[in-house]
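Work through the exercises below with the structure open. Each task is followed by a solution in steps.

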Amino acid sequence: MKKHNILLRAAAVLLPFIFTFLYGCESDNTVSYEDENMVFVGEYSGQGTYLHSFVKRTGSTDYLFLSGGNDGLQIFDVTQKSQPVPIVGYNVTGYVKETYACYIGGGTRVFTASGTGGVSVIDVSDVNSAILDTLLALQGDDINSVFADTVSKVLYAGGSGKAMYVYDISSLPHVSRLTAYQTFSVINEIQVKNNTAYLVQDQGIDIVDVSNPQSPSRLSQGLNDHFAYDIKFSGNIALIANDVNGVLVLDVTNPSSPVQLGFLSTLGPAFAVAAYGNYVYSAENNSGVETFDISNPSNARLLAGYSTQGNAVGITQYDGHVFVSDKTKLIILRYP
């Protein structure tokens, strides 16, 4: 993802969003929380740049896999949420922007989106003896996002080259490319749900049928005047971090014709988003983190906020906790 490189942008005229809806209004920087703060649980501050995290339980241990930019992959034990413990670092080729961890091929694998370093597939079944399964070198591209579908055993990756690369990972450590799907803009995030890939991009969103991963086909797309950076789901509700426009709330029950249900007006630009039931958490750079209730998606409520004191560029929800990548530290919060 490119969240760590964001500069302030000049205001632009709102362009129509090419679905059956229009975007809402931008934040007016006024805020009134029903509750004053999210609950601080713990933090870790160390060297490196903290951009994105992914939490995965292995046995009885909760491991957090942190994207550390030039410092590669960093692994923490976060079983005790108030005391994250660094376990080991792994030197990954390239600038690590995003990680995705899952159990596949008989062990736990971490897939890294590593900029010009491509994608690394790392066997971390033993976190103290991580093994590089393979390095997918994508010449001429700068990879921002990676997603592994453990049902279809397919890997997706994309970045500045405006292409979604699709790989068969059913026979790890062997990996084979299936195809490259050409989209219309720089890919900042990929999520796959129910055989549908959601590509959030510099110029909006591309929704793609990947039921046949060798031949992806577009279902629908939307364009907007601000950058889309991240997407997460709460049931059939998609939440899209959309820069100064806040968080777009879409009903994607029919991905061929998504319907806008609302727009979360954030205090700062929305760089990343996480969801837990009806709660939505937005990472907003130097404006910190905000929590919304979307039990009524058409009339979402702003519940709480937390100033991280730094630059909140990544956010992950796991086990009722919110893990915030704040550039110089990892912060763990809770709400409710």
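This is a predicted model: local features need pLDDT of at least 70, side-chain atom pairs count only at pLDDT 80 or more; totals for chains, interfaces and linings use all residues.

**Exercise 1.** Describe the largest pocket by its volume, its lining and the strands that supply the lining.

Solution. 
- Step 1: The space in the largest pocket comes to about 460 Å³.
- Step 2: Its lining consists of 21 residues, and Phe54, Tyr100, Phe147, Gln191 and Lys232 are those nearest the centre.
- Step 3: By class, the lining has eleven nonpolar, six polar and four charged residues.
- Step 4: At least two lining residues come from each of β2 (52-58), β6 (98-104), β10 (143-149), β14 (187-193), β18 (230-234), β22 (272-276) and β26 (314-318).
- Step 5: Phe54, Tyr100 and Phe147 also form one aromatic cluster.

**Exercise 2.** Classify the geometry of the aromatic pair Tyr44 and Phe76, and state whether each residue is buried or partly exposed.

Solution. 
- Step 1: The whole structure contains nine aromatic pairs.
- Step 2: In the pair Tyr44 and Phe76, the ring centres are 5.0 Å apart and the planes stand at 70 degrees.
- Step 3: An angle over 60 degrees counts as edge-to-face, so the Tyr44 and Phe76 pair is edge-to-face.
- Step 4: Tyr44 belongs to strand β1 (residues 39-50) and Phe76 to strand β4 (residues 73-77); the two are 32 residues apart, and the pair links distant parts of the chain.
- Step 5: Tyr44 is partly exposed because its relative accessibility is 24%, while Phe76 is buried because its relative accessible area is 1%.

**Exercise 3.** Find the ring over which the charged end of Lys193 sits.

Solution. 
- Step 1: The ring belongs to Phe233.
- Step 2: The charged end of Lys193 is 5.7 Å from the centre of that ring.

Terms used:
Residues are numbered from 1 along each chain as its sequence is written. Side-chain values use heavy atoms; hydrogens and water are left out. On a 1 Å grid over the protein atoms alone, a cavity is a set of points where a 1.4 Å probe fits but cannot get out, and a pocket is an open set with protein on both sides within 12 Å along at least five of seven lines; lining residues have an atom within 4 Å of a point. Grid points are joined across faces, edges and corners, and a volume is the space filled by probe spheres set on the points. Helices (H or I, at least four residues) and strands (E, at least two) are DSSP runs, numbered from the N terminus. Ala, Val, Leu, Ile, Met, Phe, Trp, Tyr, Cys and Pro count as nonpolar, Asp, Glu, Lys and Arg as charged, and the others, Gly among them, as polar. Rings of Phe, Tyr and Trp (its six-membered ring) pair if their centres lie within 6.5 Å; planes under 30 degrees apart count as stacked, over 60 as edge-to-face and the rest as tilted. Buried means under 20% relative accessible area, exposed over 50%, partly exposed in between (1.4 Å probe, protein chains only). A charge sits over a ring if NZ of Lys or CZ of Arg is within 6 Å of the ring centre and within 35 degrees of the ring normal.
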